[in-house]
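Look at the model below and keep its sequence at hand. The paragraphs after it go through a few of its features in turn.

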Amino acid sequence: MSLSPRRASLSHAAEALMSLTNPHRVLVTVVAVAVASVAVGTLACRDTTTPKERSMSIPTGPSETMGVGFTSSLIARGTLGTFHMQSKAAGYEVELKSHDETDVAVANIGIEAGGSSGWHSHPGPVLVVVKSGTITFFRADNPNCAADVYGPGCSFTEQGGLVANATNQGTEPVVAVATFLAPPGAALRIDAAKPDNCS
């Protein structure tokens, strides 16, 4: 039976620990083993996990808007790299392509009745599926700032760089799931000021 390099190095370190009698040497070896284990784990999972995203409802500049009753809980995030895939099956055709290194992140979204995300944008495209409740979605690129409405079972996209605000103007909480495509390690949300064309 062969051991993986990680198991072999940990096994070797354990044997070294057992053969040592000097307490100072034991402490130094334990620290070295711990650092090596973290390094091996980091290399094995490069860019597959990131720290929890910063608060999605706290503005970072004086003109930015604050989300109210809005939560975004990261489920998972990993680096896909560059990709180009085409799928043609049973008459259904789709193509996805990225020229740059790309993270894929998935988050649960919640908006309380009367709440909103606050004005914001994203560094890349976002796919949103509404599970329950209704999102009234305002986009800065609409000259009259008219809203689009998405109920349960509806999906919509947000283009990277587009300033928008997701609101819940109903009485039932919104539950949605968002899938983000973003540069590796980038913040998934960029706070923004309310656009001039939106009252």
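The model is predicted, so local features need pLDDT of at least 70 and side-chain atom pairs count only at pLDDT 80 or more, while totals for chains, interfaces and linings use all residues. Residues are numbered from 1 along each chain as its sequence is written, and side-chain values use heavy atoms, with hydrogens and water left out.

Start with the cysteines. A disulfide is a covalent bond between the sulfur atoms of two cysteines; here the term is applied to a pair of cysteine sulfur atoms within 2.5 Å. How many disulfides does a search of the whole structure find? The search finds 1. The partners are C145 and C198, with sulfur atoms 1.9 Å apart. The disulfide is right-handed, because the torsion about the S-S bond of C145 and C198 is about 90 degrees. C145 sits in the loop between β7 (135-139) and β8 (147-150), and C198 in the segment after β12 (190-191), so the bond ties together parts that are 53 residues apart in sequence.

C145 is buried at 9%, and C198 is buried at 6%. Another cysteine, C154, is partly exposed at 31%.

On a 1 Å grid over the protein atoms alone, a cavity is a set of points where a 1.4 Å probe fits but cannot get out, and lining residues have an atom within 4 Å of a point. The whole structure has 2 cavities of 30 Å³ or more. The largest cavity holds about 160 Å³ of space, a volume being the space filled by probe spheres set on grid points that are joined across faces, edges and corners. Its lining has 19 residues, and F70, I109, H120, E158 and A166 lie nearest the centre. Among the elements that give two or more residues to this lining are β1 (68-79) and β4 (103-116), while β11 gives the most, with 3 residues.

A pocket, by contrast, is an open set of points with protein on both sides within 12 Å along at least five of seven lines. The largest pocket has about 340 Å³ of space. F83, S98, T102, P125 and L181 lie nearest its centre, among 19 lining residues.

Last, consider the backbone. Phi of A90 is near 50 degrees, a positive value in a residue other than glycine. A90 is in the loop between β2 and β3 and is exposed, at 90% relative accessibility. C145 also has a positive phi, near 55 degrees.

Note on methods: Helix = DSSP H or I, 4+ residues; strand = E, 2+ residues; numbered from the N terminus. Buried < 20%, exposed > 50% of the residue type's maximum accessible area, 1.4 Å probe, protein only.
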